[in-house]
Amino acid sequence: MAEKKPVKMSDADLKFFEDMLIEKRRELVTAQSESDKAESFKSQMQAGDGGEAGNSADLATDYNALETNFELAAREGKYLVYLEEALKRIKKGTFGVCKVCGQLIPKPRLMAVPTATKCVNCKEETKRKEREDSRLEMARLLAEEQRKELLARSSKK
């Protein structure tokens with residue numbers, strides 16, 4: 001019986017995706033740096049306005065902008081982690097291999113989502129299971145709430 005050869009992406013493809021991921025990481029870090037510089041400049045400009053408090057509309061706008069910036073920074077930070085993990089998989093030779101079924105992830109999927117760890121079918125199955133688990137949990141919570149209401153009604157009688 002012939003031994004099954006492990007599934008692995010070609011060295012040329014690994015190099016192509018490594019270059020792509022490194023470029024995406026560079027773009028993200030550069031964008032974060034530019035954003036940090038802009039925020040620092042804006043803070044300095046506001047601090048130099050004589051210390052007068054702005055009106056409530058300005059404060060609300062500033063708060064919303066700050067909240068949006070925090071959310072974007074968190075999302076970008078998470079994506080940066082995904083990029084680093086993908087680069088580690090390239091070094092190990094496991095990049096492009098679905099962590100569920102062990103088959104190669106199609107290149108068009110990796111072009112669209114270079115940090116993907118699952119093929120489309122396994123990702124869809126994972127999402128379907130998550131939705132089903134969520135529905136079951138909601139049904140359990142509803143049943144528990146109804147049980148509590150019935151107990152409360154029966155204790156009042």
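Gly 102 is found in the loop between α2 and α3. Helices here are DSSP runs of H or I with at least four residues, strands are runs of E with at least two, and both are numbered from the N terminus. The model is predicted, so local features need pLDDT of at least 70 and side-chain atom pairs count only at pLDDT 80 or more, while totals for chains, interfaces and linings use all residues. Residues are numbered from 1 along each chain as its sequence is written, and side-chain values use heavy atoms, with hydrogens and water left out.

**Gly 102 and the overall fold**

With a relative accessible area of 27%, Gly 102 is partly exposed. The classes are buried for under 20% relative accessible area, exposed for over 50% and partly exposed in between, with a 1.4 Å probe and protein chains only. Leaving aside residues up to four places away in sequence, Gly 102 touches Val 7 and Val 97, where contact means heavy atoms within 4.5 Å. The C-alpha atoms of Gly 102 and Lys 8 are separated by 9.5 Å, although these residues are 94 residues apart along the chain.

The chain contains 4 helices and 0 strands, and its pattern along the sequence is α-α-α-α. Of the 157 residues in the chain, 18% are buried. Among contacts between residues at least 6 apart in sequence, 61% join residues at least 24 apart.

**Aromatic pairs**

A pair of aromatic rings is described by the distance of the centres and the angle of the planes. Rings of Phe, Tyr and Trp (its six-membered ring) pair if their centres lie within 6.5 Å; planes under 30 degrees apart count as stacked, over 60 as edge-to-face and the rest as tilted.

| Pair | Centre to centre | Angle between planes | Class |
|---|---|---|---|
| Phe 16 and Phe 17 | 5.2 Å | 80° | edge-to-face |
| Phe 17 and Phe 95 | 5.4 Å | 45° | tilted |

Phe 17 lies in helix α1 (residues 11-47) and Phe 95 in the loop between α2 (56-92) and α3, so their pair ties together parts that are 78 residues apart in sequence. Both Phe 17 and Phe 95 are buried; for Phe 17 the relative accessibility is 1%. Phe 16 counts as partly exposed because its relative accessibility is 42%. Ring pairs link Phe 16, Phe 17 and Phe 95 into a cluster.

**Cysteines**

A disulfide is a pair of cysteine sulfur atoms within 2.5 Å, and by this rule the count comes to 0 disulfides. The sulfur of Cys 101 has its closest cysteine sulfur in Cys 98, at 3.7 Å, which is too far for a bond. Cys 101 is partly exposed at 37% relative accessibility. Cys 119 is likewise in no disulfide, and the nearest cysteine sulfur, that of Cys 122, is 3.6 Å away. Cys 119 counts as buried, with 10% relative accessibility.

**Buried charged residues**

Arg 109 lies in helix α3 (residues 107-112), and Lys 118 lies in the loop between α3 and α4 (120-156). Lys and Arg count as positive and Asp and Glu as negative, while His and the chain ends are not counted. A salt bridge is a side-chain nitrogen of Lys or Arg within 4 Å of a carboxyl oxygen of Asp or Glu.

Arg 109 is buried yet has no salt bridge, and the nearest side chain of opposite charge, Glu 124, is 8.3 Å away. Lys 118 is also buried without a salt bridge; for Lys 118 the nearest side chain of opposite charge is Glu 130, 5.8 Å away.

The side chain of Arg 109 reaches the backbone oxygen of Lys 118 at 2.8 Å. A polar contact is a pair of N or O atoms within 3.5 Å; within protein, one must be able to donate a hydrogen and the other to accept it, and residues adjacent in sequence count only if both atoms are side-chain atoms. The side chains of Lys 118 and Thr 126 are joined by a polar contact of 3.2 Å.

Not counting residues up to four places away in sequence, Arg 109 touches Ala 116, Lys 118, Cys 119, Val 120 and Lys 123.

**Arg 128**

Arg 128 is placed in helix α4 and is partly exposed, with a relative accessible area of 38%. The side chain of Arg 128 makes a polar contact of 2.6 Å with the side chain of Glu 125.
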